[in-house]
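Subject: Structure for you to look at

Hello,

Here is the structure I said I would pass on. Please open it alongside this message.

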Amino acid sequence: MAATASDQKTPLLLPLPDGGGGGHGASAQLERILGDESAPRARRLARAAREELRLLLALAAPAVAVYMINYAMSLSTRIFCGQLGTLELAAASLGNVGIQVFAYGIMLGMGSAVETLCGQAYGAHRYEMLGIYMQRSFVLLAGAGVPLAAIYAFSKQILLLLGEPERIAEAARAFVVGLIPQIFAYALNFPMQKFLQAQSIVAPSAYISAATLALHVALSWVAVYRLRLGLLGASLVLSLSWWVIVAAQFAYIVTSRRCRRRTWTGFSCQAFSGLPEFFRLSSASAVMLCLETWYLQVTVLMAGLLKDPEIALDSLAVCMSISGWVFMASVGFNAAASVRVSNELGAGHPKAASFSVKVVTIVSFTVASTIAAVLMCLRDYLSYVFTKGDDVARAVSAMTPLLAVTIVFNGIQPVLSGVAVGCGWQSFVAYVNVACYYGVGIPLGCVLGFYFDLGAMGIWGGMIGGLFAQTLILTCVTLRADWNKEVEQARMRLNKWEDKKKPLLT
């Protein structure tokens with residue numbers, strides 16, 4: 001039941017005497033600033049903006065670095081493959097976006113349940129539960145990895161059933177088989193990543209990812225050029241690099257004084273309790289993200305059905321690779337928004353949660369718009385990083401305006417999705433994704449790409465239509481959110497997940 005206006009000055013969850021979540025978590029100071037009606041509104045907002053930017057940038061900057069560096073590993077693998085020829089670039093792109101993103105979406109989506117629960121538990125000072133939530137996610141994601149590995153093994157047959165050319169499908173299978181170990185690295189990495197992010201521990205992950213990227217590039221060069229292992233060698237190196245990240249992050253968690261003192265108490269049998277309920281929340285998170293990532297898969301698969309599939313796939317792959325890399329900056333802001341909102345809700349700070357949403361959206365939109373302008377200036381040269389083909393370069397140059405529009409929208413939409421995760425709205429967003437992507441985007445792309453013969457540009461135009469509809473709906477819902485009610489929902493969720501009959505906080 002929503003709180004009345006008179007309740008707004010009193011948090012529904014009272015924080016412990018230290019007044020914050022620790023580090024860059026919940027900010028009692030920000031809630032006090034926003035609730036101080038004795039100060040002029042302009043001065044109050046200016047002080048609140050400074051406080052929020054301090055919290056946000058310390059969290060978002062390393063998170064952006066982590067996601068962009070991790071994506072750069074996959075991107076560099078495609079670049080190495082692209083230098084072998086246009087067939088290899090098309091195969092690596094189809095295998096990566098057409099098959100591998102399927103597993104990525106499921107694993108990252110299911111890991112988002114940890115993001116919601118750990119973020120709110122940390123804000124509410126229930127530190128001991130973070131490690132339990134992470135271990136429950138390990139169990140569920142590892143189990144989900146088994147059927148995904150079977151899909152990888154039969155990727156050629158799947159691509160042929162979807163109408164892809166046999167020559168490209170065969171090459172794509174060679175690439176995808178080498179990514180099977182990566183599935184189980186995802187199963188451990190994403191829960192650990194969300195576990196650390198909920199505590200605003202992001203800098204160590206950034207250092208680990210940067211060091212691994214350097215190692216990955218060196219090993220990829222040896223595998224592709226020295227040992228001539230081709231597509232299979234490139235993908236095996238990518239899998240190995242992800243396991244290096246997993247090992248390093250786990251070593252940090254078990255040795256860090258901050259984690260050992262509060263949130264990591266060792267392996268526990270509680271990890272196997274409450275799995276059905278945890279699975280339901282994880283499934284909602286997975287569906288929310290999968291419907292988005294699969295949308296990109298469908299567009300790539302559609303491009304493989306065009307008249308000149310190699311050029312269409314290559315041009316779309318170049319634009320999607322650039323878009324995907326820039327999108328990782330937005331995913332970093334997504335993680336920051338999720339952590340900030342969930343921490344504030346868990347701590348009982350409705351005004352701070354609402355204000356965080358506005359600030360992170362403005363910052364992310366500004367960054368995305370700047371990058372889009374730079375890409376427009378470099379439109380004639382972008383494709384040469386991936387392949388030497390002049391035909392591909394002309395196709396990419398023509399598609400760059402659409403790429404720029406996509407990047408601008410992606411400066412807003414992922415942040416709002418992060419807010420949804422922080423609030424636990426995953427099921428609602430899943431319905432929005434179905435309606436916008438599969439009811440608007442894909443049909444529109446088919447009409448523009450095939451009926452009006454606009455090719456890859458038409459398919460991309462349809463994708464923008466779905467993205468615009470989704471962004472508009474999420475913006476309206478976020479603006480209408482009752483943040484006092486969301487604080488109450490967070491309290492109820494934490495009571496349920498800790499399996500206690502008495503209230504968590506009094």
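Below are notes on the domains, the interface between them and a few side-chain pairs.

Please keep in mind that this is a predicted model.

Domains and interface

In the interface, 58 residues of domain 1 touch 56 residues of domain 2. About 4,900 Å² is buried between the two domains, and carbon and sulfur atoms account for 71% of that area. On the domain 1 side, Glu52, Met68 and Gln120 contribute 12% of the area buried against domain 2, more than any other three residues.

Polar links across the interface are as follows. There are three residue pairs in polar contact between domain 1 and domain 2, with both residues at pLDDT 80 or more. The elements that give two or more residues to the domain 1 side are helices H2 (41-82), H3 (86-123), H4 (128-153), H6 (166-177) and H7 (180-198). H3 gives the largest share, 26 residues. Sorted by class, this side of domain 1 has 36 nonpolar, 16 polar and six charged residues.

Salt bridges

The whole structure has seven salt bridges. Glu52 is in helix H2 and Arg340 in helix H12 (residues 309-347), so this pair ties together parts that are 288 residues apart in sequence. The closest N and O atoms of Glu52 and Arg340 are 2.7 Å apart. One salt bridge is found across the interface of domain 1 and domain 2. Glu52 counts as buried because its relative accessibility is 0%, and Arg340 is likewise buried at 1%.

Another salt bridge joins Glu170 and Lys156, at 2.6 Å from N to O. Glu170 is in helix H6 and Lys156 in helix H5 (residues 155-161), 14 residues apart. Glu170 is partly exposed, with a relative accessible area of 38%, while Lys156 is buried at 17%.

Glu488 and Arg491 also form a salt bridge, at 2.4 Å from N to O. Both residues are in helix H18 (residues 483-497), three residues apart, or about one turn of the helix. Glu488 is buried at 16% relative accessible area, whereas Arg491 is partly exposed at 22%. Shared partners also link Glu52, Arg340 and Glu344 into one network of salt bridges.

Ser354 is in helix H13 (residues 350-377) and is buried, with a relative accessible area of 14%. The side chains of Ser354 and Trp483 are joined by a polar contact of 3.4 Å.

Regards

Methods. Residues numbered from 1 in each chain as written. Predicted model: local features only at pLDDT ≥ 70, side-chain atom pairs only at ≥ 80, totals over all residues. Heavy atoms only, no water. Helix = DSSP H or I, 4+ residues; strand = E, 2+ residues; numbered from the N terminus. Buried < 20%, exposed > 50% of the residue type's maximum accessible area, 1.4 Å probe, protein only. Polar contact = N/O pair within 3.5 Å; in protein donor to acceptor, adjacent residues only side chain to side chain. Contact = heavy atoms within 4.5 Å. Buried area = accessible area lost by both parts, 1.4 Å probe. Salt bridge = Lys/Arg side-chain N within 4 Å of Asp/Glu carboxyl O. Nonpolar A, V, L, I, M, F, W, Y, C, P; charged D, E, K, R; others polar.
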